[in-house]
Amino acid sequence: MNASTEALPVAVIGAGPVGLAAAAHLTGRGITPLVLEAGTSAATAVREWGHVRLFSTWSELVDPAAEKLLAPGWTAPDGGSYPSGADWAALYLQPLADVLGEKVRYGATVTGVSRLGRDRIVDADREQQPFTVRIVNADGAEERILASAVIDASGTWSTPSPIGGDGLPALGEKAAADRISYRIPDLKDPAARGRYAGKRTAVIGSGASAFTALAYLADLAKADDGSGTHATWILRRGISGSTFGGGSADQLPARGALGLAAKAAVDNGYADAVTGFRTDAIQRDHDGRLVLVAEDGRRLDAVDEVIVLTGLRPDLSFLDELRLALDERLQAPVDLAPLIDPNQHSCGTVYPHGVNELSHPEQGVYLVGMKSYGRAPTFLAMTGYEQVRSIAAHLAGDQEAAERVELTLPETGVCGGAGLFDQPQAAEETSGGGCCAAPATLTIGAPASSSGGC
Ligand SMILES: Cc1cc2nc3c(=O)[nH]c(=O)nc-3n(C[C@H](O)[C@H](O)[C@H](O)COP(=O)(O)OP(=O)(O)OC[C@H]3O[C@@H](n4cnc5c(N)ncnc54)[C@H](O)[C@@H]3O)c2cc1C
């Protein structure tokens, strides 16, 4: 970077928890951030699932640099209590964005990032050129912003995975869109309640979001006893010891409780579980209801609604002119991917990481937060806070602080074995505590082997 480039702001894409934490860390380091947020307020994505209660306590959801910036006019909520997404947005994220003031721009959708005057294939003076960030403002006007570095904290919320077992939309999925949702329903909302009350609903997915949806539908069935509300839980895998998460072994008790609530929904007859079902097609019966068809030809009884919670994916389209090094499976930075790969482990632990693991051949660009995990589940906000602390230190030239990341992450209580496909050893390893029995606080920069892997 030359002197004029250094004077430019660091562009932060997204005013979610991690983008705002990045801005707080940069500000604390004397670097000017410019947060570009597509929505009309902070935490647009979090607000969309505002009705869901987090499984993390407040103490795990507030970034230390952000807290410093908010002081003294801000009172931290009770650290031991669990906020909803709406609480997280209203009581912490929006106040943080307000303190950052003009450093946050709303209605600014990033549609492209490149090097000024250099497309992806041009080498000449590449590193000396500032980044050019293309945005579309709320009124539709295009604008170009120059930046010294780019931190992409745009999350994965807007790109949910489709139903198909092959990762593509199932045949007929798009045509059935009127009866399909990709979100956890807010059953306190009368319209959503009306949509699912007295109906048969298929819930597809096996993570925390699917557990939550099943628990909500069970509550609805209980409340409207006799109305016929019923869920069919569709799993690609069989049911094993790890299906319902770590339960009481989860180091985040509320996360463990989600799996137990899903199990109770099945045990109490509010949901049937259909296992080993890899959806291939969706058809309509003569009443317009949906019939799910598996790759092996199995057809399920018709349902009124389908809720798809099969994970989220990163939108990499606007980064196409940058030279990124992404893992071919997870679409996460190559050095981070082996630490979070659900093919290998399901602990939810991750070797502490920061700027080294998040760097790309294109220097000065970083994918952070939920997006840094690509398609891998188990991202925690506190992981993202450490990521941006390290990156801000690096950008400020404090390499020692950038590489001194200390972070202990709570395990899911389900360790060992593949998190994606049925493999016989998974259950045994789970019962034995697997390879991740003891979480460790480690220092970034230490060789991967010292973590014990996972
Ligand atoms: C239902 C649910 C429950 C969760 N519970 C927990 C929990 O209990 N504990 C925990 O630690 N984690 C939890 N997570 C995981 C994670 O911490 C959150 O998803 C968190 O919101 C991720 O923060 P983020 O800043 O990376 O992304 P996001 O919160 O998704 O923020 C991204 C922001 O970028 C904006 N944006 C997107 N694209 C663009 C663009 N092109 N241009 C400009 N702006 C853009 C979006 O509008 C959004 O405001 C949960 C996630 C979900 C979905």
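**Reading a predicted model, feature by feature**

Visitor: Which residue in strand 10 is the bridge partner of Ala-202?

Guide: In strand 10, Ala-202 has Thr-232 as its bridge partner. This is a predicted model, where local features need pLDDT of at least 70 and side-chain atom pairs pLDDT 80 or more, while totals for chains, interfaces and linings use all residues. Residues are numbered from 1 along each chain as its sequence is written, and side-chain values use heavy atoms, without hydrogens and water.

Visitor: What counts as a strand or a helix?

Guide: Both are DSSP runs, numbered from the N terminus: helices are H or I with at least four residues, strands are E with at least two. This chain has 13 helices and 17 strands.

Visitor: How many bridges join strand 9 to strand 10?

Guide: Two strands pair if DSSP finds at least two bridges between them. Here, five bridges join strand 9 (residues 200-204) to strand 10 (residues 230-234), and the two run parallel. They belong to an open sheet of five strands, ordered 8-14-9-10-11, with parallel pairing. Strand 8 (180-181) and strand 11 (271-274) are the edges, each pairing on one side only.

Visitor: Which residues of helix 8 are buried?

Guide: Buried means under 20% relative accessible area; exposed means over 50%, and partly exposed lies in between (1.4 Å probe, protein chains only). An α-helix has 3.6 residues a turn, so residues three or four places apart point the same way. In helix 8, the buried residues include Ala-254, Leu-258, Ala-262 and Ala-265. The buried residues of helix 8 pack against helix 7 (208-223) and strand 11. Across the 454 residues of the chain, 51% count as buried.

Visitor: Is Glu-362 buried or exposed?

Guide: Glu-362 counts as buried because its relative accessibility is 1%. Glu-362 sits in the loop between helix 10 (355-358) and strand 15 (365-367). Contact means heavy atoms within 4.5 Å. Beyond neighbours within four places in sequence, the contacts of Glu-362 include Arg-115, Phe-131 and Glu-321.

Visitor: What joins the side chains of Glu-362 and Arg-126?

Guide: A polar contact is a pair of N or O atoms within 3.5 Å; within protein, one must be able to donate a hydrogen and the other to accept it, and residues adjacent in sequence count only if both atoms are side-chain atoms. A polar contact of 2.9 Å joins Glu-362 and Arg-126.

Visitor: How many residues surround the ligand?

Guide: A residue is near a molecule if one of its heavy atoms lies within 4 Å of it. Here 29 residues surround the ligand, and Glu-37, Phe-55, Ser-56, Met-370 and Ala-381 are the closest. A polar side-chain atom of Glu-37 lies 2.7 Å from a ligand oxygen atom. A polar backbone atom of Val-110 is 2.9 Å from a ligand nitrogen atom.

Visitor: How much of the ligand's accessible area does the protein cover?

Guide: Accessible areas come from the Shrake-Rupley method with a 1.4 Å probe; for residues, only the protein chains shown count as cover. The protein covers 91% of the 980 Å² that the ligand has on its own.
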